[in-house]
Amino acid sequence: MVIALLLIFIGFTALIYGANWMVDGASSLAKKHNISDLAIGLTIVAFGTSAPELVVNSMASFDGLYDIVLGNIIGSNNFNLFLILGIAGLVYPIKVQSSTAWREIPISLLITILFLVLANDLFLNSNSRISRFDGLILFTLFLVFIFYVFKQMKIDEGEVVAYEQKSNLKIWKLISFGLLGLIIGGKLVVDNSISVATDLGVSQKIIGLTIIAAGTSLPELITSIVAALKKNSDIAIGNVIGSNIFNILLILSISSFIKPINYNDIFNIDLFILIGGTLFLILAMFTGKRKKLDRWEAALLVIFYLTYTIYLILKET
């Protein structure tokens, strides 16, 4: 089992480096073709931070490991909301723009509720699953969301991001090695996580909600902590909320296209926690100092996440 844990660590390292290399190479390629910084940030960089979840879920979906698929998405979103945002808020109280408080956070809430409705087939008398048709609904909403963000950003062009000029050879090396790192890393994480779960007698659900979810969310964790240290609240909270929306609309939809996902209703508790946490975030924006996540509120998020995670693990043992 020690070897399996080491291979999981190597897999996560490959995922993170692979995502960074791919983003770096693709961003440089885009700049060479005069694609705007805004478009790069909204597409390539956003996709890059979600790439670990996408690769892991695609492989798990192909192998029919539905609890890994669901656990990774729901677990990553809870990890993002409670732990990453909580830690960032402890580092520096997070103040958000009006548009984020009024629009993006509620959008994240509505999308999570839609996930719950589609997964449980509340309007149909059939087995609970995320069908390809459900995936099509989610993917269509993803395209609508991207269009909405582009329209919003036209109002505020934002600052120009500097990119180092690279040769074509270096660009394609970065993209190639990045994709290779994602593929190898994803394979190592999925296969060895299953091995560890089997050895410990722990369910795939718990492995997906904890180890895999935390590992694939490392890019978001690093980004938000660095943003908080630089007192850049917009990036800190935008990274978390944007990632949660991407995970449900893009990654879940693609996973369902590969193979319809049988839904275990035991995940309903975790989805309700995600909904509750998002509601808490909305309330936090309008209590005390308006549109600000204070340190005591951030501490509540971290404490709740750690307590619930410990409960899940103890429940399995």
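Leaving aside its neighbours within four places in sequence, which residues is asparagine 244 in contact with? They are Ser76, Asn77, Asn80, Leu81, Ser108 and Leu274, where contact means heavy atoms within 4.5 Å.

The model is predicted, so that local features need pLDDT of at least 70 and side-chain atom pairs count only at pLDDT 80 or more, while totals for chains, interfaces and linings use all residues. Residues are numbered from 1 along each chain as its sequence is written, and side-chain values use heavy atoms, with hydrogens and water left out.

**Asparagine 244**
- Asparagine 244 is found in helix H9 (residues 233–258), helices being DSSP runs (H or I, at least four residues) numbered from the N terminus.
- Asparagine 244 has a relative accessible area of 3% and is therefore buried (under 20%, with a 1.4 Å probe and protein chains only).
- Its side chain makes a polar contact with the side chain of asparagine 80 at 2.9 Å (a pair of N or O atoms within 3.5 Å, one able to donate a hydrogen and the other to accept it; residues adjacent in sequence count only if both atoms are side-chain atoms).

**The cavity**
- A search of the whole structure finds 1 cavity of 30 Å³ or more (a set of points on a 1 Å grid over the protein atoms alone where a 1.4 Å probe fits but cannot get out).
- The largest cavity holds about 100 Å³ of space, a volume being the space filled by probe spheres set on the points, which are joined across faces, edges and corners.
- Residues lining the largest cavity include Asn78, Asp270 and Tyr305; lining residues have an atom within 4 Å of a point.
- H11 gives the most to this lining, with 5 residues.

Key. On a 1 Å grid over the protein atoms alone, a cavity is a set of points where a 1.4 Å probe fits but cannot get out, and a pocket is an open set with protein on both sides within 12 Å along at least five of seven lines; lining residues have an atom within 4 Å of a point. Helices (H or I, at least four residues) and strands (E, at least two) are DSSP runs, numbered from the N terminus. Buried means under 20% relative accessible area, exposed over 50%, partly exposed in between (1.4 Å probe, protein chains only).
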